[in-house]
Each structure stands twice: as structure tokens, then as C-alpha cells.
Amino acid sequence: MKLMIRYAVDQKYQLYDRNGEKSREMHLEMNLDKIDLDKIDIHAQPPAQEPARQYYFMAKCRRIVQKKEQELGRRLTCHTETFGCQMNARDSEKLAGILEFAGFLEAGSEEADFVIYNTCTVRENANNRVYGRLGYLHNLKKKNPDMRIALCGCMMQEEEVVEKLKKSYRFVNLIFGTHNLYKFAELLAGCYASDRMVVDVWEQSDQIVEDLPVERKYPFKSGVNIMFGCNNFCSYCIVPYVRGREKSREPREIVREVERLAADGVVEVMLLGQNVNSYGKTFDPPVSFASLLREVEKVDGIARIRFMTSHPKDLSDELIAVMAQSKKICRHLHLPLQSGSSRILKAMNRKYDKQSYLRLVEKVREAMPEIAITTDLIVGFPGETEEDFLETMDVVKKVGFDSVFTFIYSKRTGTPAARMECQVPEDEVKSRFDRLLKEVQEIAAQKAQKLTGSLQKVLVESVNDHDASLVTGKMDNNATVHFKGTADMVGRIMDVRLQECRGFYYYGTAANE
């Protein structure tokens with residue numbers, strides 16, 4: 001009997017023979033290096049279970065790629081372009097991994113045979129960027145008629161976007177959304193089997209499929225998805241409508257992924273979710289994010305653990321205690337405030353107020369005096385008055401954030417805030433934004449200056465883009481450091497003496513020099 005697929009995965013799946021009959025059950029540990037796509041019988045029925053089904057279609061795609069390469073007399077190339085958040089970046093690593101597994105060669109630019117845009121839709125200008133880039137891709141496709149163009153991600157979850165693409169961008173070959181990204185190999189095969197636009201967008205899905213190839217940007221650090229979706233419905237945000245309701249991965253699966261990453265040389269992981277603090281609430285019984293962190297910390301080889309993003313309303317005393325006791329969790333907490341006005345926070349549907357946020361920061365700093373706290377702030381939310389803005393300035397001064405991501409409110413069609421009256425005049429918003437930016441930069445620079453002269457551990461991430469004699473890395477608190485070094489230092493955690501502070505980054509010297 002010839003098995004259709006030979007692979008190993010850390011769950012129980014069915015294998016099928018040529019006739020699609022169930023042959024036997026296997027329970028093995030995943031090892032992508034042992035998956036041989038050339039041994040998969042692509043003429044058999046595809047498996048029903050995931051991820052076996054997707055490896056079947058990867059094998060099918062590989063045959064398509066090989067045939068096309070024989071026709072053209074050259075390698076087929078691909079390119080993945082990411083718009084948006086770190087979760088999108090992690091998703092793009094999966095897309096790139098599947099394309100590589102299928103036999104494509106990364107081109108390094110959009111001048112490729114297969115180009116996929118992983119889109120963001122948090123702000124409407126993000127959509128406009130994609131439309132603008134599609135014009136460029138259309139010109140490239142005229143020069144290379146065999147080129148395939150795919151669009152996926154949050155923007156594709158909007159019905160009006162898909163209708164616009166179907167009407168005005170007929171040269172796009174494949175469109176899919178956030179809920180069926182794991183089906184990329186299957187959709188890719190369908191894209192090459194048809195000259196018509198393939199559209200497959202789901203409204204929702206409860207399924208989580210993670211055991212797929214990944215092409216990591218960095219060999220020494222990696223994101224790890226722990227949950228998907230969001231239940232908060234902030235009035236300015238489109239994310240719950242395009243990412244769906246919260247669903248968490250099983251803790252055992254997350255820990256085993258981290259173990260595999262550690263075995264592959266990863267020393268830092270970033271646990272990712274729209275709101276990691278609400279991780280595990282849908283389980284029966286519930287599993288807290290703090291308990292997940294305890295398990296991840298036990299993994300040998302992992303030296304640093306980061307996570308993003310935390311919602312203030314769900315930051316528990318248990319989580320603070322786990323962070324304070326940990327030797328691996330980085331002393332950095334990104335805690336989005338959005339506004340310092342309790343009235344505006346209520347209109348934003350943030351479910352906390354100014355005083356509770358300040359008490360939370362005080363509690364965090366009592367447990368970890370050295371922690372760096374960063375935040376997000378929106379200026380010009382509908383109905384924001386000068387008094388509301390001054391409340392925000394007051395929180396900024398009282399907290400003393402290490403860094404702030406400041407945004408001018410952008411009306412997002414499809415959100416409750418877009419329908420609110422009292423939109424703030426543009427000139428007032430700009431004036432407030434400039435005042436806020438000046439304040440946060442001065443405070444952040446003063447805080448950063450205090451570390452000058454100290455010895456810090458720095459994870460070296462790259463050779464400096466502007467000076468090849470320098471390397472660039474990140475401290476535990478997520479601040480950037482440049483110092484004299486060589487390429488062989490990349491991926492290592494080194495002791496560095498901070499010599500000079502330049503506002504938001506440092507110049508230093510390796511301690512052994």
C-alpha cells in the first residue's frame with residue numbers, strides 16, 4: 001500500500017492511500033526537514049484533516065512550479081509584501097515558508113513571478129496604499145503575463161473592498177482573508193489551475209492550523225501566535241470585524257512550538273495576540289496568560305520572552321507577579337492608553353478610566369521599578385476638547401512613558417466612531433499632536449539619559465545599515481543600541497556599556513573591548 005503523504009506532526013491525523021481510504025493513524029513529533037513532498041501522490045484524494053491536506057497541495061504546487069520552470073528555462077520567483085502589525089508579519093512568514101516549500105525562489109522585490117500582499121485595514125490610508133501598489137503590479141504583469149498576484153489579510157475581509165477588486169482590478173489572481181490563511185497552499189494550487197480570479201473569503205472560522213512551514217525573518221528570534229481575534233470592539237477600531245472573535249491556541253501546542261524554535265537556535269520569542277491578557281478565557285476551565293508565560297519560561301534555550309499587545313482592562317495581578325519573578329520576561333510593557341480623558345475613554349469603549357490606568361501603572365512599577373512602559377495615544381478623537389487633551393497630557397507627565405506611539409485620529413469607515421458627531425477640526429488636532437509629541441519626546445529622552453554609563457545586555461540583531469563597523473541590537477527594555485562589532489555577533493546576547501544617549505537610541509561599547 002502506498003501512503004499519500006509521509007510527514008510528522010504533533011497531533012493525531014489520518015493518512016490515506018491512493019484510493020482515499022483511511023490507512024492508519026500516526027502520532028509523531030513534527031519535523032519539517034523529514035517531509036518529502038516528492039513522495040506525496042498528488043493523484044490521490046486530498047486528506048480531509050489539516051495540516052496534512054495543505055502538504056498535499058504544497059506537493060501539487062511543487063509539480064506546477066517544476067513544470068513551469070522547465071517551460072521557461074529558469075527558476076520561478078516569489079515575493080511577499082507585508083502591511084500592518086506584527087501578527088501580519090508573522091502570517092507573512094508562513095506565506096513565505098509555504099512558497100519556499102512549494103519550490104519558489106524569493107526575488108527580494110515585486111519583480112517576481114508570484115507576488116502576494118498581506119494587507120492591513122486599520123486605517124483607510126492603508127487600503128489606499130495597496131490600491132496604489134496594485135497599479136505598479138499591473139505594469140509588471142504586462143511585462144510578465146505569467147505573473148500571478150495575490151491579496152490576503154484584513155483588508156480582504158471587507159466586502160466592499162473585494163467588490164472593488166473584482167470590478168476594477170481583474171488582473172489580481174487570488175483573494176483570501178484572515179480566517180483561511182492556513183489554506184494558502186490549496187488556494188495557490190487553485191490559482192494556477194484557473195485563469196479566472198479566485199476569491200475565497202470566510203466570515204469566520206474556529207479552526208487554528210499552525211503546523212505549516214515558516215520562513216523566519218530572523219534565525220535568532222521569532223513571533224509565536226497564541227491567540228487570534230478580538231472581543232473588545234473599541235469604537236474607533238475595525239479589527240474585531242476583520243479578525244473575528246477571540247480564539248486561543250492550546251497551551252501545549254504553543255509550548256511545543258517554542259521548544260522547536262529553541263532547538264532551531266531561537267533565543268527570543270514574542271507571544272502575539274490582539275489582546276494577550278485575555279488569552280485562554282474561552283477554555284473550559286479557563287487558562288490564564290500568566291500561567292502560559294510560566295510554561296514558556298521553562299523552555300531551555302529561550303533567553304528572552306516578549307508579548308504584545310496588552311489591554312489595560314485585563315492586566316491581572318497574577319501577570320504582574322509572574323513578570324516580576326521571571327528571569328526571562330523582558331522588562332518592557334506596552335500598555336495602550338489611547339486617551340487620558342475618562343470621558344473620551346468611555347466614548348472609545350475602552351472599559352477603564354484615567355484613574356484606574358494610573359493605579360495600574362503604579363502597581364506595575366511597584367513590582368518592577370526598572371520596567372519600561374510604552375503606550376499608544378490618539379489625538380483628535382471625535383468630541384475631544386482642549387480639557388480632554390490636557391487630561392492626556394497629565395497622564396503623560398505622571399506616568400513618564402519610555403516611548404509613545406502617537407496617532408492623529410483617522411476616521412475608519414465601518415466603526416461607530418466614524419458616525420460620531422463633533423469631529424475635531426484638523427488644525428486643532430495638528431496643534432495638539434505637535435504639543436503632545438514635544439512633551440513625550442522630552443520625557444522619553446530624560447528617562448533614556450539615566451541609563452547612560454550602565455552595563456546592559458543587548459541582543460545583536462544586525463550589522464548597522466549605515467556603518468558596517470557597527471552592529472545594532474535591542475536591550476531588554478526594547479531600546480536600540482549601536483556599537484562596534486562584527487557580523488558573527490548577530491544573534492548573540494552581549495554585555496554593552498552605554499556611552500552616549502541620542503534620545504531614542506544609544507551608542508555603546510562591548511564590555512569585552
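Predicted model: local features only at pLDDT ≥ 70, side-chain atom pairs only at ≥ 80, totals over all residues.
Visitor: How many of the residues of α2 are buried?
Guide: A residue counts as buried under 20% relative accessible area. Helix α2 is largely enclosed by the rest of the structure, because its buried residues number 13 of the 16.

Visitor: Which residue just after α2 takes a positive phi?
Guide: The position directly following α2 has a phi of about 110°. The residue with this positive value is glycine 103.

Visitor: What distance separates the end C-alpha atoms of helix α7?
Guide: Helix α7 comprises residues 251-263, which makes 13 residues. At 1.5 Å a residue they should span 18 Å, and the model agrees with this, since the end C-alpha atoms are 18 Å apart.

Visitor: What arc do the buried residues of α7 cover around the axis?
Guide: The buried residues of α7 are Ile254, Val255, Glu257, Val258, Leu261 and Ala262. They lie on the same side of α7, because the arc they cover around the axis is only 160°. An α-helix has 3.6 residues a turn, so residues three or four places apart point the same way. The arc in α7 is thus 160°.

Visitor: Against which elements do the buried residues of α7 pack?
Guide: The partners of these buried residues include both helices and strands. They are α2 (86-101), β9 (221-225), β12 (268-272) and α8 (289-297).

Visitor: At what angle do helix α1 and helix α5 pack, and in which crossing, left-handed or right-handed?
Guide: Helix α1 (residues 52-72) and helix α5 (residues 184-193) have axes 7 Å apart and pack at about 35°. The crossing of α1 past α5 is left-handed.

Visitor: Is cysteine 330 buried or exposed?
Guide: Cysteine 330 is placed in the loop between α9 (317-325) and β14 (332-334). Beyond residues up to four places away in sequence, it touches Arg304, Ile305, Arg306, Met323 and Asp476. Its relative accessibility is 2%, so cysteine 330 counts as buried.

Technical notes
Residues numbered from 1 in each chain as written. Heavy atoms only, no water. Helix = DSSP H or I, 4+ residues; strand = E, 2+ residues; numbered from the N terminus. Expected span 1.5 Å × (residues − 1). Buried < 20%, exposed > 50% of the residue type's maximum accessible area, 1.4 Å probe, protein only. Arc of directions from axis to C-beta. Contact = heavy atoms within 4.5 Å. Axes fitted to C-alpha atoms, helices over the stretch in contact; angles between N-to-C directions. Left-handed = near helix turned anticlockwise from the far one by under 90°.
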